[in-house]
Amino acid sequence: MNISMKCVGNVPVRRTSMAQLDREENILKEDLKFYFMNPCDKYRARHQIPWKLLLQVLKIVMVTTQYRRLKEISLGTVAYERGEKRGLKVCKQHYHQDSIHPSNDTFYIDPNVETECLHLQHEVLASKQPPNMSAINSTFFYLELYRLIKVEISFKLKGIDLQTMRVRELPDCYVFHNRIIFNNQAHSGKIKLFFESEASVQDCKDWHISGCTQKNTHYILLFDGFVILTCLASLILCTRSIVLAIKLQKRFVNFFFERYKRHICSSDKLEFINGWYVLVIISDLMTIVGSIMKMEIKAKNMTSYDVCSLLLGTSTLLVWVGVIRYLGYFQKYNVLILTMQASLPKVLRFCCCAGMIYFGYIFCGWIVLGPYHEKFEDLNTVAECLFSLVNGDDMFATFAEIRRKSTLVWLFSRVYLYSFISLFIYMVLSLFIVLITDSYETIKKYQQNGFPSTDLHEFLRGNDAVAQHSGKKPDNAVTLICCCRRPAAEDDFILIN
């Protein structure tokens, strides 16, 4: 048997006898058919246990249980730290010097900012008698609002979480760094109030528990470790599947070019890359990192509850969504998946166009209506307000809260709101639904009459089918990326709407 090599473009091609090509084709077909089988068919064909399916079901139970155990902290008793000299710290910021006389339109402002602080002792705060103002700097509380920027009250509290007693764990002790901020930077007549609190965990001192309660943190850590091992096994299996799929794709591309002198289009190549595996890999990585952080929190080494809950919560979502893949193997359950896949390109293009109009309304409302409506004071609230209007929420309040100080602005607000609501509810939102409905009807038709065939599908049916399929163009009713059947020198793509 003579085998020689030549290069066509950047693709090395072998000159092989027809008998050898036939043997390679049969082996390749068997591998392709097995790769695209569902887990049940793979088990019937080669008795391969669907480990990835079993791990996904196990992960649903374990990850959901793990996230449920990451509860919020609720404290029944808090107090100031014993021995802390400063119980309460009050600071105010104001301009260095300010003289404003609106009566004769004169003012003088020194933009330099000064900060003054006052510390109140525990004894003053805990006393039931009115505080002696002579002992406290009473002038400190004289606030000149025209030059006041903000007032910040900061204090530390300590508390004990007793909820862990119900699961036979030792209570946790926390230190809370709290801040109350009165923000007057806008000088609009409204002082905004904010409260911020940061918690840090520490070991409890001098504790005593009667009875037989014991700490069982090691059982929880063992459970978290088992979750990590399960996700790690799932991660390895899915990564292995992607690697094998890429190798199989290269075999198919090289063989198809050598046998039929045609390139494979992108849609056929993408069928080898399973997006569900990518989703599972992302979910596994987030679960592993979140579980490690949860173990560190249990060990009192960190208190990043927000990051930990974000990772575990998102991974739980992805785990549940990933199971849809296995329902997609049944025709009666895969309509949602196929509709999303078919409508996604059109929906993204439509959202890009509608987004330009949406951002135009956002900036216009922020510039014009910002001084007259609190929902238009910044870009974030404007975007949230308009999104609520698209969904029919809070319409009357948005119209009614616009102050009628300027007739011109009031008339503009009516034109602005009516045009936005009419455009996005009656046109944009309706077209958005039509795009999805059209894809759904197309999928239903193809489920009855069959889906358009590509080179990959025809190759699995036989040589004659591939040869007959050359030159055919797929039906243009479904949103898929398919190839024109042309000579090997060309590699064209048609976007079918």
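## Nonpolar cores

In this predicted model, the largest nonpolar core comprises 21 residues. Those with the most contacts inside this core are Phe376, Leu386, Leu389, Tyr416, Leu417, Phe420 and Phe424. Three helices, H10 (335-369), H11 (379-390) and H13 (407-449), each supply at least two residues of the core. The largest share, 8 residues, comes from H13.

Another core, of 13 residues, lies apart from this one and includes Leu32, Tyr35, Phe255 and Phe256.

## Helix H11

The 12 residues of H11 should span 16 Å at 1.5 Å a residue, and the distance of 17 Å between its end C-alpha atoms agrees with this. Val382, Cys385, Leu386, Leu389 and Val390 are buried in H11. Seen down the helix axis, the buried residues of H11 fall within an arc of 140° and therefore line one face of the helix. These buried residues pack against H10, helix H12 (395-400) and H13. Leaving aside residues up to four places away in sequence, Leu389 touches Asp394, Met395, Thr398, Leu417, Phe420, Ile421 and Ile425.

At the start of H11, a side-chain oxygen of Asp378 comes within 3.1 Å of the backbone nitrogen of Asn380. Gly392, which follows H11, has a positive phi near 75°.

## Annotated transmembrane regions

An unreviewed UniProt entry lists residues 219-246, 272-292, 304-327, 347-369 and 415-436 under "transmembrane region". Residues 219-246 are 100% helix and 0% strand, with end C-alpha atoms 41 Å apart. Residues 415-436 are likewise 100% helix and 0% strand, and their end C-alpha atoms are 30 Å apart.

Definitions and conventions:
Residues numbered from 1 in each chain as written. Predicted model: local features only at pLDDT ≥ 70, side-chain atom pairs only at ≥ 80, totals over all residues. Heavy atoms only, no water. UniProt positions renumbered as here; feature names shortened; annotations may be inferred. Helix = DSSP H or I, 4+ residues; strand = E, 2+ residues; numbered from the N terminus. Core = buried A, V, L, I, M, F, W, Y, C linked by side-chain atoms within 4.5 Å. Buried < 20%, exposed > 50% of the residue type's maximum accessible area, 1.4 Å probe, protein only. Contact = heavy atoms within 4.5 Å. Expected span 1.5 Å × (residues − 1). Arc of directions from axis to C-beta. Polar contact = N/O pair within 3.5 Å; in protein donor to acceptor, adjacent residues only side chain to side chain.
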